[in-house]
Each structure stands twice: as structure tokens, then as C-alpha cells.
Amino acid sequence: MGSHTITSRTPGVFYHRPSPDADPYVTEGASVSEGDTVGLVEVMKTFHEVKADAAGTVSRFLVENEDEVTIGQELVELET
Amino acid sequence: MIRVQDPGLETTVQDTGRLGYYSIGFPPSGALDSFAYHVGNALVGNEPGAAALEAVYLGPTLEFTVDTVIAVTGADIPAFVDGEEIPTWESVAVSSGSVLSFGQLRAGARPYVAVAGGIDVPLYYGSRSTYTLVGIGGFQGRALRAGDELALGADARDPKAGRRLDGADVPVHPSTAEVHLLVGLHSYRLTEDSLARFTDTEWKVTPDANRVGYRFRGAELEFVPREQPFGAGSDPANVTDCGYPVGSVQVPGGVEPIVLLQDAVTGGGYATLGTVVSVDRDRLAQTKTGDRTRFVPVDLDGALEVRRDRLGALDRIRSALT
């Protein structure tokens, strides 16, 4: 078992859910495939989906909902 | 022609801007980092003023359908042609069918792509710059989308690969930028302490930072109590409406100062505490959310000297690149 960390490609504000009333994209323990959306980063009033760049199981989130993130910041840790 | 495979983030066509219409509410638009834009054109052998592409944070993926010469300037970001990394701040030949793409930004915020002949979109009020807020200029008045096809101009003066900006002239993008501030217009509205606090604070760039302006966080400022004049409203951060210079700083409510950039709101009723020296807007344009900025006060002579030095350097670079 290895681990893989998904990082942010842009600075902005991180969200776990597609909209305030929706369920989170993924929760800890969920399995994801490469290309699955795991969160959103809002930058310049547009929303960018954060995609898993590897398949695995979500072991933990490294940022809270609505945290400000920077480029390259670690967002989600996967067990691969 | 350029075919847009992936638009990146807010990638727009920009030139030196649409000057002369500020009084009717038209901001100039144009490249935010004027130095990177001008050097890009010089590198590919364009006349000054040819239109280029400006992106932010994420570079676009662009396919060229002709043999041409390009240069990537501005932010520190890896750039690739057909998967091979290319030097930035240097003109590079690309062949028909080649694809330009970008990696993850290392420093700065905005990469520029200059192309021999410039991006050929219609002139709108004398400029090819995009003003997305009202949808005019540039490519259909908007940021690029996948599938867009951009025509190229035919009038490059002297396109040539291998022109390179001297390493000593390549701007560095520190995570704390320093910009010069000419204090004035309504600085008298701030208490003395607050004005000093403004220039002592390292302000953090918030996620609200785009071509209209940058919003900062870092301190609270207080205004001198007064009976508000007619037309100024009751908020002490307000004055009677006036024009806002490009680069001017307002502090709505005393928190989160805003610096207006090339797509500026042209006027309004917030007290203007100073104006960033025009050539230093280049530095602001290369800061991103989470970076820090210090405002260094200068007087008018100091501001003019900063501008003269920077424009002189650009002239020297342009002549060296011919």
C-alpha cells in the first residue's frame, strides 16, 4: 500500500461539496478512480473541479471546507 | 492560426490598452504586466502594441496551424512544446501542428504568450484588448474557450527564434511584492496612525483578485470622524463621488483595501488613500492569492523617477533585442 496526495493547481478557496446543500464529493474511506472529482477550488469567481490524479481510497482531507489554499498545496491523501 | 485545446484560466487577448475613454467609464484594459507583454513582443520581433495572450495561474494549451515564432514571458511557469520544455523569456520556433502547454506555476501569477504577427482580432475603439466585464474587444469580448480559433497577424517586423532576455533583466517574483505608493487624493480622511499602519502592514492578497482589482487583508484602518459633506453618504469611508485613477487604493469600511488595475471601476465614492505607481502594477499583476504586498510611500518626484527608470530599462531591452 502506498499513498498519493492530490494538490491544488490554483490558489483559491477549497470546497468539499458542489453546492452548499449537496453531499460532499467524497468522504474519508471512499474509493476514487483517476479523474473523479474530489473537491472544488473557487478562483476569480469561477469553480475548478479538483480531480483525483490516481486511483485509491481517501484516507484523509488535508484542508477544511472553505480553507484558502495556494498552488501546490496538499488537499487530499489517498491510499493507493 | 492558433487552435485553443484548453483555455487555461481567464486567458484573454491583450495589448497596450484602450486609452482615451476613461471619462465615459471605459477602463483601459490591456496587459496587466506591461513589462512581460512588451518584452514578449520584442522577443518575437513584433512592433510594440501587437496583441498577445495573457493567462492567470493555469496556462492554456494551444495548437499552432502554421510555422511561427513564439515567446513565453511573465510568471515563472514551465512551458512545453510537444512535451519538450522550452526556455521562457526567449523566442522559440514552433511548427505547424505543434502544441504549447504549461506545467504548474512556480512563482508569479500571469504567463504571457507573444506570437509573431500578434493575435489578429478586430480593433475595438483602437485596441484589441479584451474587457470581459462588458464583453468587448479581444476574441468575442470574452476569455478563450476550448475550440476557439485565433487568426494571426501578418506584419511581424522581424520574427526570429533564439532572441533571449538577459538573465539580469528577468523579473523575480518574490512572495512579498513591494510596490511604490503615491499617497494622496483623500489620505487626509485616514487617521495618522492608520495611514502609517497601511504602509507598515504586509497585506495578504485575498481570493478576490482579478483584472478589475486586487483585494487585500491584514489590518483595520480608521477614518477621521467628520460631518459628511453633501453627497458622501454616512459611511466615513465615503467621499463625494470622484474618478478613481488606475492603480488607486480604496478601503471600503476601513477593512480590505482594494487596488484597481487595468479593468478598473472608473469612479465612485470611496476615499482614495493613494495610487500605486503605474510601472509597479506589473509587480501586483504577478502576485497571487496568499502572496503578500507592501506599499512603500513615495512623493511625486520619487514616483516619476521609478517610472522613468523602469521605462528606460524597457527601452534599453527593446534596442538590445532588435
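Chain B is split by its domain assignment into domain 1, residues 2–172, and domain 2, residues 176–313. Keep in mind that this is a predicted model. Taken over C-alpha atoms, the centres of the two domains of chain B lie 28 Å apart.

Now the interface between them. On the domain 1 side of chain B, 26 residues are in contact with 20 residues of domain 2. Interface size is often quoted as the accessible area lost when the parts come together. Here the buried area between domain 1 and domain 2 of chain B is about 1700 Å², and carbon and sulfur atoms give 49% of it. Within domain 1 of chain B, the residues that lose the most area to domain 2 are Y22(B), L32(B) and R110(B); together they account for 36% of what that side buries.

How many salt bridges does the rule find across the interface of domain 1 and domain 2 of chain B? It finds one. A salt bridge joins R211(B) and E54(B), with the closest N and O atoms 2.8 Å apart. For polar contacts, the count across this interface of chain B is 15 residue pairs, both residues at pLDDT 80 or more.

Last, where the domain 1 side comes from. In chain B, α1 (34–44), β5 (68–76) and β10 (107–115) each supply at least two residues of the side of domain 1 that touches domain 2. β10(B) gives the largest share of that side, five residues. Sorted by class, the side of domain 1 of chain B facing this contact has 15 nonpolar, eight polar and three charged residues.

Key. Residues are numbered from 1 along each chain as its sequence is written. Chains are lettered from A and ligands numbered from 1 in the order in which they are written. This is a predicted model: local features need pLDDT of at least 70, side-chain atom pairs count only at pLDDT 80 or more; totals for chains, interfaces and linings use all residues. Side-chain values use heavy atoms; hydrogens and water are left out. Domain bounds come from an automatic or database domain assignment. Contact means heavy atoms within 4.5 Å. Buried area is the accessible area (1.4 Å probe) that two parts lose on being put together, summed over both. A salt bridge is a side-chain nitrogen of Lys or Arg within 4 Å of a carboxyl oxygen of Asp or Glu. A polar contact is a pair of N or O atoms within 3.5 Å; within protein, one must be able to donate a hydrogen and the other to accept it, and residues adjacent in sequence count only if both atoms are side-chain atoms. Helices (H or I, at least four residues) and strands (E, at least two) are DSSP runs, numbered from the N terminus. Ala, Val, Leu, Ile, Met, Phe, Trp, Tyr, Cys and Pro count as nonpolar, Asp, Glu, Lys and Arg as charged, and the others, Gly among them, as polar.
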